[in-house]
Amino acid sequence: MDVRLTRAGHRMIGLAMMMVVSAVIGSVVVAAARTPNRSAPSAPPPAAAAAAPAKPALPTKYVVLTFDDGPDAVYTPQILDILKKYDAKATFFEVGKNVTRHPELSKRIHEAGHSVENHTWNHADLRKLGAAAFRQEVASTDQAIRAATGGTPACLRPPYGGMNPTVRQRAKALGKDLVVWTVDSRDWTKPGATAIVRHVLASVHNGSVILMHDGGGNRTQTVAALPAILKALKAQGYGFRTLTC
């Protein structure tokens with residue numbers, strides 16, 4: 001049978017088709033809105049690396065303060081207190097047997113930012129020792145300092161400043177750099193605090209390595225002279241470095 005739609009019928013069919021298409025599109029949109037986003041979340045931007053704290057610049061005009069023969073229960077703490085007051089760092093050449101008596105002082109020296117180095121076990125004249133005794137003097141002191149501070153000295157100060165080709169050769173074989181001094185305070189002669197100050201200031205120059213003592217005897221004069229020495233050096237524009245070998 002031939003069916004013919006009127007114009008109104010055509011309009012009704014067209015309208016119905018539009019409604020169906022709209023419903024389908026709406027269902028797709030709703031479904032898309034309800035579907036969770038399965039893509040991996042974008043990683044947050046990397047945090048900026050924290051800048052390493054800048055190390056204080058080493059003074060260009062400087063001296064190296066060194067103290068021999070400690071640690072000593074009486075004088076070393078006094079010297080440490082004075083150095084702290086004047087914001088000065090120093091290098092301590094320690095005798096091994098004294099380190100074993102006062103390991104807490106070696107630890108305190110190290111933790112205060114000073115350098116702890118080797119001055120033999122028994123303050124022996126290295127020029128007069130055989131090879132085995134030489135090694136024992138140095139190695140035993142290394143062991144004592146390492147136990148107290150966690151570090152092994154690289155510098156070796158020969159007692160009495162005693163050096164010869166054999167001492168140099170043996171020290172090198174043990175990985176040690178020999179270090180003496182350029183300015184002798186002569187505090188070991190006990191000339192009086194005023195004379196100690198004068199001996200230091202009369203000879204000091206940029207880069208001087210100054211010899212003083214915190215052990216090995218009565219160091220009352222050294223303790224008394226140290227504040228005046230530090231005041232004068234700072235007034236002249238000197239800073240303070242520690243020895244590194």
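**Figure 1. Lining of the second largest pocket, with four nonpolar, four polar and three charged residues.** The model is predicted. The second largest pocket holds about 190 Å³ of space. Its lining consists of Asp68, Asp69, His119, His123, Tyr160, Gly161, Trp181, Trp188, Leu211, His213 and Arg219.

**Figure 2. His123 in the loop between S3 and H5.** The phi angle of His123 is positive, near 55°, and the residue is not a glycine. His123 counts as partly exposed because its relative accessibility is 21%, and buried means under 20%.

**Figure 3. Tyr160 in the loop between strand S4 (155–156) and helix H6 (165–173).** Tyr160, although not a glycine, has a positive phi of about 65°. With a relative accessibility of 57%, Tyr160 counts as exposed.

**Figure 4. Thr120 and Asp69.** Thr120 is located in the loop between S3 and helix H5 (131–149). Its relative accessibility is 0%, so Thr120 counts as buried. Along the chain, Thr120 and Asp69 are 51 residues apart, and their C-alpha atoms are separated by 9.3 Å.

**Figure 5. The cis peptide bond from Gly70 to Pro71.** Omega of this bond is near 0°. Pro71 sits in the loop between strand S1 (62–68) and helix H2 (75–85).

**Figure 6. Glu117 in strand S3 (residues 115–118).** Glu117 is buried and has no salt bridge. The nearest side chain of opposite charge is that of Lys176, 6.7 Å away, whereas a salt bridge requires a side-chain nitrogen within 4 Å of a carboxyl oxygen. A polar atom of the Glu117 side chain lies 3.3 Å from the backbone nitrogen of Ala154.

**Figure 7. The largest pocket, with a volume of about 250 Å³.** Ten residues line the largest pocket, and those closest to its centre are Leu58, Pro59, Lys89, Phe240 and Arg241. By class, its lining comprises five nonpolar, three polar and two charged residues.

Note on methods. Residues are numbered from 1 along each chain as its sequence is written. This is a predicted model: local features need pLDDT of at least 70, side-chain atom pairs count only at pLDDT 80 or more; totals for chains, interfaces and linings use all residues. Side-chain values use heavy atoms; hydrogens and water are left out. On a 1 Å grid over the protein atoms alone, a cavity is a set of points where a 1.4 Å probe fits but cannot get out, and a pocket is an open set with protein on both sides within 12 Å along at least five of seven lines; lining residues have an atom within 4 Å of a point. Grid points are joined across faces, edges and corners, and a volume is the space filled by probe spheres set on the points. Ala, Val, Leu, Ile, Met, Phe, Trp, Tyr, Cys and Pro count as nonpolar, Asp, Glu, Lys and Arg as charged, and the others, Gly among them, as polar. Helices (H or I, at least four residues) and strands (E, at least two) are DSSP runs, numbered from the N terminus. Buried means under 20% relative accessible area, exposed over 50%, partly exposed in between (1.4 Å probe, protein chains only). Lys and Arg count as positive and Asp and Glu as negative; His and the chain ends are not counted. A polar contact is a pair of N or O atoms within 3.5 Å; within protein, one must be able to donate a hydrogen and the other to accept it, and residues adjacent in sequence count only if both atoms are side-chain atoms.
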